[in-house]
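This briefing concerns the salt bridges of the structure shown below. Please read it alongside the sequence.

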Amino acid sequence: MPAAEAPRKAPREPIVQVRNVVKEFGPLRVLDGVGFDVAPGQVAAIVGRSGSGKSTLLRCIAGLETVQGGSISVCGHDVGRPGSAARAQLRRDVGMVFQSYNLFPHLTVERNITLALTLVKKQSRDQANAKAAEVLSLVGLTDKRTAYPEQLSGGQQQRVAIARSLALQPQVMLFDEVTSALDPELTAEVLAVMEDLARRGMTMITVTHEMGFARRVADLVVFMHEGKVWEIGPTAELFASPKTAEFSQFVASEL
């Protein structure tokens, strides 16, 4: 392959390994033998129709759901390993941002970010405030340090939620449909922050309906259908020549 066509990031030892994962809610099998790898610095976009298992998969990777079969390893941690110490180690290395912002309404933007730093990481208030200033700068909200969530737009609140996760210095960031509740202008704000994180080399797995973002930023696309990984591969290759009718129809419906 000519140098000009080389992938943006060279493959390395996976930082996320999902192996034959099965997840059931009672008699309903939501994930059925799901597996893929994500290398350090890669951006993986999980796409598919509603009900295909995308968000459940992300919650399993984050350790928020237990699985009935298979295994998940993130940053060297066995996600299924029992015990509070194992969960604490995972929380240190993995940040997750949800569709809902989950900010504390009675706390300022700065305190929303510093709370975990002072209570969990035992940093001094000065250390935590310095880290808050750093991550607020990354998401373009330096001037909102003393504001309360109700004084912010939805896009700004979501950017604060991203900053709060970044403050804990995770190795992997998980994003679950973080723009689905936002209008197009605010969506663009949040996607710009995520694109900047990708340029900085953050490993990211995002569940998204934003196909333009996936095409532009993702190194790897995982197409979910009926609880399975239906197609997977490098973004440009997958979109250029879908191998299944299901992915072809999905791409056409999202244009």
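**Salt bridges and their surroundings**

At 38% relative accessibility, Arg145 counts as partly exposed, where buried means under 20% relative accessible area, exposed over 50% and partly exposed in between (1.4 Å probe, protein chains only). This is a predicted model, in which local features need pLDDT of at least 70 and side-chain atom pairs count only at pLDDT 80 or more, while totals for chains, interfaces and linings use all residues. Residues are numbered from 1 along each chain as its sequence is written, and side-chain values use heavy atoms, with hydrogens and water left out.

**Overall count**

- The structure holds 13 salt bridges, each being a side-chain nitrogen of Lys or Arg within 4 Å of a carboxyl oxygen of Asp or Glu.

**Glu110 and Arg145**

- Arg145 pairs with Glu110 in a salt bridge whose closest N and O atoms are 3.4 Å apart.
- Because Glu110 lies in helix α3 (residues 109–119) and Arg145 in the loop between α4 (125–138) and α5 (154–167), the pair ties together parts that are 35 residues apart in sequence; helices (H or I, at least four residues) are DSSP runs, numbered from the N terminus.
- Glu110 is buried, at 15% relative accessibility.

**Glu189 and Arg159**

- A salt bridge joins the side chains of Glu189 and Arg159 (2.6 Å, N to O).
- Glu189 belongs to helix α6 (residues 184–199) and Arg159 to helix α5, so this pair ties together parts that are 30 residues apart in sequence.
- Glu189 is partly exposed at 25%, whereas Arg159 is buried at 11%.

**Asp196 and its network**

- Asp196 forms a salt bridge with Arg200, with 2.8 Å between the closest N and O atoms.
- Salt bridges with shared partners join Glu195, Asp196, Arg199, Arg200 and Arg216 into one network.
- Asp196 is buried at 18% relative accessibility, while Arg200 is exposed at 55%.

Note on methods
Helices (H or I, at least four residues) and strands (E, at least two) are DSSP runs, numbered from the N terminus.
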